[in-house]
Amino acid sequence: MTPYSRPASLPETLFLLAQGQPLLLAGGTDVYPATQAQWLTRPVIDISAVPELHGITRGPDGLRIGAGTTWAAIAAAALPPACNALQQAAQEVGGRQIQNAGTIGGNLCNASPAADGVPPLLVLDAVIELASPRGLRRVALADFLTGPRQTLRAADEVMVAVIVPDAALSGASHFVKLGARAYLVISIAMVAVRLLVVAGRVQQAALAVGACSAVARRLPGAEQALLGLAPQETAAAIDAAQVAAALAPLDDLRATAVYRAEAAAELLRRALATLAQDHAG
Amino acid sequence: MSDSERKTEPVSKRRRNFLIGSAMTGVVPVIGWAGQAQATTQAAPVDARAALNVALRVNGRLHQVQVDARMTLLDALREEIGLTGAKKGCDHGQCGACTVLVDGRRELACLTLAVAAQGREVVTIEGLAAPDGTLHPMQEAFVAQDAFQCGYCTPGQILSAISCVHEGHATSPDQVREYMSGNLCRCAAYPNIVAAVLQASQQMGD
Ligand SMILES: Cc1cc2nc3c(=O)[nH]c(=O)nc-3n(C[C@H](O)[C@H](O)[C@H](O)COP(=O)(O)OP(=O)(O)OC[C@H]3O[C@@H](n4cnc5c(N)ncnc54)[C@H](O)[C@@H]3O)c2cc1C
Ligand code: FES
Ligand code: FES
């Protein structure tokens with residue numbers, strides 16, 4: 001196998017991936033900084049020119065976002081308000097140069113606990129489509145991510161697309177990220193919330209928190225507590241103790257567990273308050 | 001950049017030839033994107049076939065270079081082609097000093113493989129001025145607004161700023177700050193940089 005190849009189709013990619021142990025490279029923005037020199041002793045398959053991995057389309061099974069779609073393309077797309085959180089996250093992944101190269105598929109396959117793409121996709125009940133010589137399979141994003149830098153992706157699988165089912169495209173969402181400074185930071189905590197409000201009452205609520213547990217999580221207990229409330233009442237209904245118990249956050253160099261738990265609850269309140277304002281105005 | 005600087009024989013050529021030579025003896029340090037610090041301490045098997053002939057189009061000129069698959073576009077520009085305008089601030093995508101335009105988009109040359117830039121149009125700071133030396137409006141604006149101190153971040157700032165204007169993200173000071181956040185300035189010339197980008201965006205008419 002040549003040290004570098006840039007396949008022009010998905011079948012070609014799968015064929016190459018089945019040989020030896022090559023490394024898939026999309027935007028390269030996680031691969032380069034995160035690893036040390038050894039990786040490039042493996043052949044590189046550059047998947048940035050594979051057409052099947054590109055584009056955002058609305059089809060019978062919902063919204064389909066190609067795994068190779070860059071953050072800049074996601075930010076610029078015309079998407080329903082349920083995807084606001086995803087588009088806001090897209091604009092906070094590094095600076096513009098990173099957004100021009102970095103892809104949604106790379107963000108998910110790299111599986112950092114601080115990956116900004118994950119909470120917005122969790123509140124959209126996103127499903128991952130993977131291709132291998134055995135065919136296609138779909139896995140819920142919540143199941144796909146199994147631990148820090150661990151996923152259900154098999155070595156010979158390529159992530160083809162992220163699919164948001166139609167049912168989750170209702171309502172509006174919002175994303176809030178906390179870092180040590182305003183720009184270019186790895187999240188200490190980030191949240192995405194999506195509310196469907198019907199006749200002034202919350203009919204569906206989805207809350208997700210990232211960087212506060214080994215894998216970003218939905219908070220079903222806290223979601224339940226919001227149902228039936230007026231949007232303006234939701235922020236006050238966030239119970240910090242319940243959020244902390246659901247997350248079991250981490251101590252690391254960026255923040256302590258106690259700080260993270262408090263921050264997560266506060267970010268949820270702010271995100272809900274912002275959504276409530278939109279409903280009021 | 002002066003012509004004499006452009007023609008300087010790249011220093012790394014000798015080192016690289018030496019490494020390819022030592023591949024025959026078995027153990028070769030891995031060099032490339034991870035930086036020279038690792039180069040001397042890490043050993044790994046290297047496939048000698050990894051040397052590739054790559055044609056890179058930079059500032060409208062085609063350059064034939066021999067690189068191994070691991071070399072970044074930044075190293076190829078600086079050490080193989082001799083265009084040292086793109087700076088290596090961090091080599092980790094965090095500072096923006098290596099920003100170049102690839103097919104018109106701003107990208108980080110330290111996070112791009114040289115082989116992956118084949119068939120694409122690369123523009124560096126050396127390619128901005130007209131042949132008669134007339135500066136690009138963004139270069140003019142940086143001079144007029146005194147938008148640098150040491151100048152290390154400046155080539156990356158200017159290329160990033162040109163893209164920022166073309167993207168339509170230079171309509172207000174806040175927007176410029178947001179969309180220029182990938183370019184750090186250790187001298188903190190930020191207020192002047194913002195003023196320069198706004199000035200040039202009017203002259204560029206985008
Ligand atoms: C300065 C800087 C700032 C950053 N800031 C942020 C930030 O604020 N928030 C954030 O979340 N991330 C951030 N990142 C991380 C990174 O930019 C994102 O995670 C990005 O989305 C990764 O995408 P990529 O295409 O560059 O991935 P790559 O680096 O190309 O790949 C990442 C991993 O995924 C695998 N992979 C990629 N595509 C596929 C596919 N289709 N199928 C199977 N496997 C695949 C690769 O093999 C590799 O293991 C930052 C990075 C840098 C350098
Ligand atoms: S050298 Fe490329 S971003 Fe710092
Ligand atoms: S002018 Fe010195 S780093 Fe920006």
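Modeller: The model is predicted, with local features needing pLDDT of at least 70 and side-chain atom pairs counting only at pLDDT 80 or more, while totals for chains, interfaces and linings use all residues. Residues are numbered from 1 along each chain as its sequence is written, and chains are lettered from A and ligands numbered from 1 in the order in which they are written.

Biologist: Why is A:Ala271 called buried?

Modeller: A residue is buried if 20 or more other C-beta atoms lie within 10 Å of its own, exposed if 12 or fewer, and partly exposed in between, with C-beta atoms placed from the backbone. A:Ala271 has 27 C-beta neighbours inside 10 Å, so it counts as buried. A:Ala271 lies in helix α11 of chain A; helices (H or I, at least four residues) and strands (E, at least two) are DSSP runs, numbered from the N terminus.

Biologist: What makes a set of residues a nonpolar core, and how many residues has the largest?

Modeller: A nonpolar core is a set of buried Ala, Val, Leu, Ile, Met, Phe, Trp, Tyr and Cys residues joined through C-beta atoms within 7 Å. The largest has 148 residues, and those with the most contacts inside it are A:Val191, A:Val193, A:Ala264, A:Leu268 and B:Val197. Helix α11 (residues 257-280) of chain A gives the largest share of this core, 10 residues. Not counting residues up to four places away in sequence, A:Ala264 touches A:Ala189, A:Val191, A:Val209, A:Cys212, A:Val243 and A:Leu247. In soluble globular proteins, nonpolar side chains tend to be buried together.

Biologist: How do you know on which side of α10(A) the buried residues lie?

Modeller: In helix α10 (residues 240-247) of chain A, the buried residues are A:Val243, A:Ala246 and A:Leu247. They cover an arc of only 90° around the axis, so they are on the same side of α10(A); the arc is that of the directions from the helix axis to the C-beta atoms. A:Ala241 and A:Ala245, on the other side of α10(A), are exposed. The cover over the buried residues of α10(A) includes β13 (201-210), β14 (217-218), α9 (220-226) and α11 of chain A. After α10(A) comes A:Ala248, whose phi is positive, near 50°.

Biologist: Where does ligand 1 lie, and which residues come nearest?

Modeller: Ligand 1 lies between chains A and B. A residue is near a molecule or strand if its C-beta atom, placed from the backbone, lies within 6 Å of it. There are 34 residues around ligand 1, of which A:Gly27, A:Gly94, A:Gly102, A:Gly106 and B:Gly93 come nearest. The largest share of the shell, 5 residues, comes from α6(A).

Biologist: How do the residues of that shell divide by class?

Modeller: Ala, Val, Leu, Ile, Met, Phe, Trp, Tyr, Cys and Pro count as nonpolar, Asp, Glu, Lys and Arg as charged, and the others, Gly among them, as polar. The shell around ligand 1 has 17 nonpolar, 13 polar and 4 charged residues.

Biologist: What are the domains of chain A, and how many residues form their contact?

Modeller: Domain bounds come from an automatic or database domain assignment. For chain A the assignment gives domain 1 (4-48 + 56-165) and domain 2 (172-280). Their C-alpha centres lie 24 Å apart, and the contact takes 23 residues from domain 1 of chain A and 23 residues from domain 2 of chain A. On the side of domain 1 of chain A that touches domain 2 of chain A, 16 residues are nonpolar, 5 polar and 2 charged.

Biologist: Which domains does the assignment give for chain B?

Modeller: Domain 1 (3-127) and domain 2 (137-204) of chain B. Their contact takes 13 residues from domain 1 of chain B and 11 residues from domain 2 of chain B. Chain B has 8 helices and 7 strands, and buried residues make up 46% of its 206 residues.

Terms used: Contact = placed C-beta atoms within 7 Å.
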